[in-house]
Amino acid sequence: MSETVVVAGTYLISYGLIAGYAVYLHLRRRRARS
Amino acid sequence: MTRVRVLLSLAAVAVGVGLWFALTAPPDALQGEYARLLGIHPPSMWVAFIAFGVTAFGSIMWLVKKTERWDRLAAASVEVGVIFTAIGLFTGMVWGQAVWGTAWDWQDPRLMSTAVMFFVYLGYIALRNAIDDPAIRARRSAILGTIAVVQVPLVYFSVNLFRTLHQTQSIRPDGSTMPREMSLAMLVNMGAFLILYVALMAARIEVAKDEAAAAPESTLAGEAVRPPRLSEVEDV
């Protein structure tokens, strides 16, 4: 696997985790407000 | 636009700028493209350290003031800190596999102390979820949050105190050991991650406030017995 793919994949997974957490918080807040 | 949305939008722009710096810096002569992980690995661990420091501050303030806001601050900061620690561990393992030839070493003080810190703060989250009474939950997690922070300097200085695969600090009081482009990429991403931390904290605190407002008065013993609100508790 090329270095670029590994680095890009690592960034993608890491930011994906943060984005996933932000979406989770959004859904939890929506549920609390409903 | 709410405060949380403004902060999250600001964080998205900051992360975009950080990514640009990290991905346009020249590749390293020895590590090649893997050196670009500098834009995510150190910033995520630094922010995790700050997050756990904020947790300790919130915990101490709760023990002194006994007001809900400090408990909410401590709990929110742990959750965000654990996310950033997970990213720090993951990116470190990818980097380690590339430049050390191994993703993990069970005898390495830096790696093991970081893993222990990660699991202790996961334990903090588990502890909070295991206790229904808000006053007892706040007190026990405040004690853990105050004690657990001793791991932060231990992890940070483990590279100076012990023999480890991990390099020592790249940015020191007497200057940086890296070329300017790389230091800049790391510092810009540090700023971006700090903004991201503040935005996620604000979002997490709003969730806690909404959930507290939506929660029924009685959660422990039916309608007859109402668990005390934190503001009503003198000492527990």
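**Notebook: helix packing and chain contact**

I looked up the handedness first: H2(B) and H5(B) cross in a left-handed way (the near helix is turned anticlockwise from the far one by less than a right angle; clockwise would be right-handed). Helices here are DSSP runs of H or I with at least four residues, and strands are runs of E with at least two, numbered from the N terminus.

This is a predicted model, in which local features need pLDDT of at least 70 and side-chain atom pairs pLDDT 80 or more, while totals for chains, interfaces and linings use all residues. Residues are numbered from 1 along each chain as its sequence is written, and chains are lettered from A in the order in which they are written.

I checked the geometry of the pair. The axes of H2 (residues 41–65) and H5 (residues 134–148) of chain B come within 8 Å and cross at roughly 135 degrees. Axes are lines fitted to C-alpha atoms over the stretch in contact, with angles from 0 to 180 degrees between N-to-C directions.

I listed the residues in contact (C-beta atoms, placed from the backbone, within 7 Å). Among them are Trp62(B) and Leu63(B) from H2(B), and Ala142(B) and Gly145(B) from H5(B).

I then turned to the chain contact, which takes 22 residues from chain B and 17 residues from chain A. On the chain B side, H3 (68–99) and H7 (180–214) each supply at least two residues. H7(B) gives the largest share, nine residues.

Last, I noted that chain A has one helix and zero strands.

Note on methods:
Contact = placed C-beta atoms within 7 Å.
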